[in-house]
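Thank you all for coming.

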Amino acid sequence: VKNMDNLKETFAHLSELHCDKLHVDPENFKRIVMVYPHSKRYFGHFENFSFRAATEGSPQLKALGKKMMEAFGEGLKHLDDLDDLNDTFASLSELHRDKLHVDPENFKLLGSMIVIVLSRHFGNEFTPALQAAFEKVVAAVAAAMAHKYY
Ligand code: ZNH
């Protein structure tokens with residue numbers, strides 16, 4: 001996201017398309033573990049966690065996916081102001097930096113997963129313009145999540 005106008009324009013476009021709420025099945029979050037096995041290391045403390053458990057649906061991963069998408073959805077309300085967006089994710093950014101030690105590159109990977117899941121959701125309606133709009137949104141959220149790392 002280069003500037004705020006760009007972001008506002010994106011948000012206007014999204015509202016126009018009646019998709020100001022992202023309908024991402026939190027269970028699809030398991031994709032990040034399946035597609036990027038290295039991310040499994042962050043979930044080592046989950047009970048009986050394994051690649052297989054993730055693919056078959058770990059209840060803990062599912063619960064986390066839900067929390068994440070709720071936080072993500074909250075962020076969407078603050079898209080019209082970058083400072084506001086960074087503020088919204090400030091404490092989560094610190095939590096991931098200090099306690100969870102999640103490499104911020106993963107926020108971008110998660111963004112790609114969200115776009116892929118959305119493309120399935122929208123099917124033929126997933127136009128390049130809609131994809132471009134979502135790419136900007138997930139990039140803005142990933143940047144806000146990484147904000148406190150730098
Ligand atoms: Zn995260 C957690 C959000 C991304 C990993 N997260 C979490 C939570 C939330 C979130 C809200 C909860 C907190 C509390 O509880 O306090 N995330 C989020 C968001 C995002 C994210 C919004 C983006 C956008 N994460 C992420 C990634 C990863 C992660 C990418 C990796 C790969 N997280 C995590 C972990 C945790 C979390 C590990 C913890 C879990 C448990 O339960 O332990």
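Let me begin with a definition: a residue counts as near a molecule if its C-beta atom, placed from the backbone, lies within 6 Å of it. What you see is a predicted model, in which local features need pLDDT of at least 70 and side-chain atom pairs count only at pLDDT 80 or more, while totals for chains, interfaces and linings use all residues. Residues are numbered from 1 along each chain as its sequence is written.

Of the 18 residues around the ligand, those that come nearest are S39, M68, A71, N106 and L110. By class, this shell has 14 nonpolar, three polar and one charged residues, where Ala, Val, Leu, Ile, Met, Phe, Trp, Tyr, Cys and Pro count as nonpolar, Asp, Glu, Lys and Arg as charged, and the others, Gly among them, as polar. At least two residues of the shell come from each of α4 (59-76), α5 (82-98), α6 (105-122) and α7, with helices taken as DSSP runs of H or I, at least four residues long, numbered from the N terminus. The largest share, five residues, is supplied by α4.

Now to α6. Which of its residues are buried? They are F107, L110, G111, M113, I114 and L118, and buried here means that 20 or more other C-beta atoms, placed from the backbone, lie within 10 Å of the residue's own. These residues lie on the same side of α6, because they cover an arc of only 165 degrees around the axis, the arc being that of the directions from the helix axis to the C-beta atoms. What covers them includes α2 (30-35) and α7. After α6 comes G123, whose phi is positive, near 55 degrees.

Finally, the core. The largest nonpolar core has 22 residues, and V137, V138, A140, V141, A142, A144 and M145 are those with the most contacts inside it; such a core is a set of buried Ala, Val, Leu, Ile, Met, Phe, Trp, Tyr and Cys residues joined through C-beta atoms within 7 Å. Its largest share, 10 residues, comes from α7.

V137, found in helix α7 (residues 128-146), is buried, since 23 other C-beta atoms lie within 10 Å. The C-alpha atoms of V137 and G75 are separated by 9.4 Å, although the two residues are 62 residues apart along the chain. M145, leaving aside its neighbours within four places in sequence, is in contact with F89, L92, S93, H96, P104 and F107, contact meaning that the C-beta atoms of two residues, placed from the backbone, lie within 7 Å.

Key:
Buried ≥ 20, exposed ≤ 12 C-beta atoms within 10 Å, placed from the backbone.
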